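Here is a friendly note to read beside the model. Please keep the view open and follow the points in order.

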Amino acid sequence: MKILRVFSVILIAVFGIIAVTLFVRWKTNRDSTELILQPSNVEYTRWELPEGAKTRLGKGKVNDIKFSPDGTRFAVATTIGVWMYDAQTGTEKSLFKGHRQDQEIQRIAFSPDGKLIIGAISSGEISRWDADNGEQLSPLPPTDKIQISAVFSADGTKLASVGQPMEGGIHVFNFGENTTQPTITTMDLDFKVGYNTVIALSPDKRTLASTTQPKQDKHFSIKVSIQVFDVDTGDTLFSLVGHNGLIKDLAFSPDGKTLASADYEKIHLWDVDTKTSRATFKAPGTGFSALAFSPNGKLLASGCRDGSVRLWNATAKQQGLGGKIGQFLPTLMLKKHKNEVSALAFSPDGKMLFTGSKNGTIRAWDTTTGKQQFTCREHLDGISDIAASKEGNILTSVHSWRNTQMLHWDIDNRSLLSVSFLKRTIPATISPDVTTLAMMDLRGKNKLKLWDISEKRFRATLEGHEYPSNALNFVFAFSSDGKRLASTSIDDWSGVIHLWDIANPPKSFLKKLFASSKTIKPRYTLEEHTSRVNELAFSPDGKLLVSGGGDRTIHLWEVETGNALVTLTGHNKQITAIAFSPNGQKLVSASYLVIYSWNVETGQLLTKSQPMSTAKILRFSPDGKIVVSGRYDGTIQLWNARTLRLLSTHIGHTSSVNALKFIEDGKTLASASYDGTILLWDWEKIKQENN
């Protein structure tokens with residue numbers, strides 16, 4: 001009897017240890033994987049494709065959301081065009097593209113009758129579409145005002161935009177009812193505008209509010225204010241002071257009597273008539289990022305960096321002792337997003353709130369109950385890397401923006417299978433065999449880590465690298481067999497490279513369960529560069545490592561010994577891209593406007609291209625006959641690998657191409673872009689053009 005009791009105690013203790021271990025493991029890793037229900041119709045993946053592409057995965061980052069006046073549809077301005085959805089079901093209805101494939105739509109508005117959509121493009125152009133059939137109407141004459149941010153009036157007759165810092169201005173375009181050439185008013189500013197400038201138009205279109213560019217005084221405190229202008233004259237009416245941090249968003253109430261402003265820590269409700277703050281809303285640690293009033297002005301919605309959405313009573317009266325402004329609690333809190341909420345839109349009747357997040361989703365909420373009605377997916381932020389399964393039917397993409405997202409795509413069915421999240425990790429590079437992610441863990445200084453994709457756990461911490469404590473931007477390169485990793489920090493101007501052995505031997509069940517992630521020290525430290533290193537790549541056989549950087553030199557290293565072998569010189573600008581040929585005998589590199597070809601064994605320069613736009617990434621075709629370059633402007637170019645003669649140019653993405661991958665036995669070229677999309681190109685078709 002005593003033996004049985006002792007055995008029971010031991011058994012309970014063992015199970016307790018296992019339970020605690022699993023809880024700690026879950027608490028430490030905090031990976032959350034969401035399986036996606038497969039849609040019945042994915043025809044939208046083939047809408048408005050560029051010539052030569054056969055599928056698009058991802059719909060582009062959300063820039064703006066607007067409801068049609070009757071509330072039956074909503075439109076989403078994205079990095080690749082305007083998507084139209086059914087407001088009751090969230091079903092895709094159409095995709096409206098600009099006059100060119102490379103246009104990003106920043107802001108949109110419906111005409112009062114709902115028959116027209118007008119869109120502001122970052123290049124300064126204004127596009128118009130028939131809201132029913134998507135027909136592209138003749139564009140308004142270009143404004144020659146590069147727009148970094150913009151906002152429409154509710155009826156679409158006025159557009160306010162912030163120009164580039166060098167242009168130094170806020171411009172208001174008045175389209176009127178029938179005019180095709182807008183009149184332009186420029187604000188007479190006594191401060192500089194920049195990429196962080198936020199603007200808002202009052203409902204009556206007579207007033208414009210703008211944030212000033214923050215400045216530091218001698219005590220290192222940030223001075224931020226809001227300037228309010230007369231739209232017709234451009235004159236400054238008054239200023240509002242009360243924020244101590246960068247203002248993220250502004251919004252006028254429907255009656256124009258209240259202006260809401262949000263910084264990271266708090267929201268101010270300003271009385272426009274008295275020019276005073278009548279209420280302050282706080283939610284510590286959430287980080288406010290977006291604002292929107294309900295149509296009746298009774299609710300204020302706030303989106304936050306932590307993915308939450310709060311609805312506040314916007315008519316709250318002043319509270320607190322001694323007349324101090326009171327703090328108010330939100331009437332409703334919505335928690336489903338897993339990254340920053342950057343766009344908000346109420347339905348015309350105020351019963352629904354749509355929220356767009358950098359995690360790639362738009363969610364529809366009931367504003368009374370807080371119940372979620374549906375989710376629209378694939379509105380992704382920038383893609384940093386892609387890799388394909390050995391069979392070639394599953395494509396994995398990595399997105400890093402304060403949190404790492406990893407998405408698995410079914411190529412055959414053109415659909416999203418699952419989404420995984422890793423909080424507070426940047427950036428992320430995926431190994432060619434799709435087993436490991438290399439990243440920086442923001443929860444500790446200089447914590448470079450390896451994430452095991454199948455086991456959903458950190459399997460190693462990379463220590464001993466001595467990168468700067470403030471370094472946030474890293475470059476990683478895996479060998480083709482995934483056993484070695486090279487790393488460098490773009491923030492480290494000394495140009496130090498580290499070479500790691502990261503082979504992951506099989507473990508027993510108990511070791512997997514109880515063992516924590518191991519610590520790996522660099523095998524070699526490579527120090528030939530005199531400036532930061534931008535690019536790293538292993539040769540196909542894994543025996544060589546190539547590096548190129550700001551010192552305009554390329555170094556070839558022997559991986560087994562860490563010895564420097566050859567230094568290639570000839571670039572007149574810093575190196576932006578590097579790639580080995582499939583047999584490892586040739587190397588191509590890019591710097592400002594030019595691509596170079598080198599003999600790996602001798603270091604001899606073979607040839608170089610005529611000046612073209614700068615390449616962000618280079619890849620050889622599987623047969624080694626063609627070099628593919630992805631450019632910062634989103635275009636893809638094909639080059640004869642022997643002569644570096646340009647063969648063809650393909651316009652498809654609206655922002656820089658960050659990754660290129662041949663899949664399906666070389667029949668398909670996958671390109672991933674900062675615009676949040678992956679294009680699958682028919683390789684046989686595009687390589688024949690002008691070949």
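1. Let us begin at a hairpin: strands E7 and E8 have five residues between them, and Gly114 takes a positive phi near 75 degrees there. Strands here, labelled E, are DSSP runs of at least two residues, numbered from the N terminus. E7 is joined to E8 (residues 116–121) by five bridges, and the two run antiparallel. Two strands pair if DSSP finds at least two bridges between them. Ile105 has Ile121 of E8 as its bridge partner.

2. A word on what you are viewing. This is a predicted model, in which local features need pLDDT of at least 70 and side-chain atom pairs count only at pLDDT 80 or more, while totals for chains, interfaces and linings use all residues. Residues are numbered from 1 along each chain as its sequence is written, and side-chain values use heavy atoms, with hydrogens and water left out.

3. Back to E7 (residues 105–110): five of its six residues are buried, so this strand is largely enclosed by the rest of the structure. Buried means under 20% relative accessible area, exposed over 50%, and partly exposed in between (1.4 Å probe, protein chains only).

4. Next, look for the largest nonpolar core, which has 20 residues. Such a core is a set of buried Ala, Val, Leu, Ile, Met, Phe, Trp, Tyr and Cys residues joined through side-chain atoms within 4.5 Å. Among the residues with the most contacts inside it are Ile65, Phe74 and Trp83. Strand E3 (62–67) is one of the elements giving two or more residues to this core, and the largest share, three residues, comes from E3. Another core lies apart from it, with 19 residues including Ile36 and Leu680.

5. Five bridges pair E55 with E56 (residues 626–631), where Gly630 is the bridge partner of Ile617.

6. Finally, the charged pairs: the structure holds 19 salt bridges. Each is a side-chain nitrogen of Lys or Arg within 4 Å of a carboxyl oxygen of Asp or Glu. Glu34 forms one with Arg377, with the closest N and O atoms 2.8 Å apart; these residues are 343 residues apart in the chain. Glu92 pairs with Lys59 at 2.6 Å between the closest N and O atoms, and both Glu92 and Lys59 are buried.

Key: Helix = DSSP H or I, 4+ residues; strand = E, 2+ residues; numbered from the N terminus.
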